[in-house]
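My entries follow in the order I made them.

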Amino acid sequence: MLSKKTKYGIKALTFLARQEGNIPVQIATISNNENISLKFLESILLTLRKNGFLGSKKGKGGGYYLLKKPKDIQMTSVMRVLEGPIAMVPCVSLNFYEKCADCPDENTCAVHKLMIQVRDSSLEIFRNTTLADLCDC
């Protein structure tokens, strides 16, 4: 299931992508327009800033803005920063692999085989979707 952090992060990014001229937008504006708790949004935007998606400007006329063009922001990157592993179980994760404690052999595990297919299908969608696709920018 998608966390609220990721859901709100995507909503905030699409809101920023729709702004004309890539001018800084105050957190309160995003919060009000997207119906996201201000405190929670501050944390999400800080994470996105620290990971190179957003820039920020302090003072009058300040706020957050995209550092890259929407067409250059892949959903795989956003998902991994906000959600963590894309795979539903750790034994099929490409970036966060861990062997399952209850599985003696991944090669014969039916759950492993199924989750590889789910991971690959999800990755295909996330890799081929950019922020521009989500906001029609």
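**Notebook: pairs and a helix**

Tyr8 is buried, at a relative accessible area of 15%. My classes are these: buried is under 20% relative accessible area, exposed is over 50%, and partly exposed is in between, with a 1.4 Å probe and protein chains only. The model is predicted, so I kept local features at pLDDT of at least 70 and side-chain atom pairs at pLDDT 80 or more, while totals for chains, interfaces and linings use all residues. Residues are numbered from 1 along each chain as its sequence is written, and side-chain values use heavy atoms, without hydrogens and water.

**Aromatic rings**

I searched the whole structure and got one aromatic pair. Tyr8 and Phe40 form this pair, edge-to-face, with 5.8 Å centre to centre and 75° between the planes. The pair links distant parts of the chain: Tyr8 sits in helix α1 (residues 4–17) and Phe40 in helix α3 (residues 38–50), 32 residues apart. For rings of Phe, Tyr and Trp (its six-membered ring), I counted a pair if the centres lie within 6.5 Å; planes under 30 degrees apart are stacked, over 60 edge-to-face, and the rest tilted. Phe40 is partly exposed, at 32%.

I also noted Lys68 over the face of Phe53, 5.9 Å from the ring centre. The test requires NZ of Lys or CZ of Arg within 6 Å of the ring centre and within 35 degrees of the ring normal.

**Helix α1**

Helices (H or I, at least four residues) and strands (E, at least two) are DSSP runs, numbered from the N terminus. How many of the 14 residues of α1 are buried? I found 10, so the helix is largely enclosed by the rest of the structure. Among them are Ile10, Leu13, Phe15 and Leu16. The buried residues of α1 pack against α2 (27–34), α3, β1 (54–57), β2 (63–66), α4 (75–82) and α6 (131–135). Contact here means heavy atoms within 4.5 Å.

**Salt bridges**

The whole-structure search gave two salt bridges. I required a side-chain nitrogen of Lys or Arg within 4 Å of a carboxyl oxygen of Asp or Glu. Asp120 meets Arg119 at 2.7 Å, N to O. Arg119 is buried at 14%, whereas Asp120 is partly exposed at 37%. Asp72 meets Lys71 at 3.6 Å, N to O. Lys71 is exposed at 54%; Asp72 is partly exposed at 43%.
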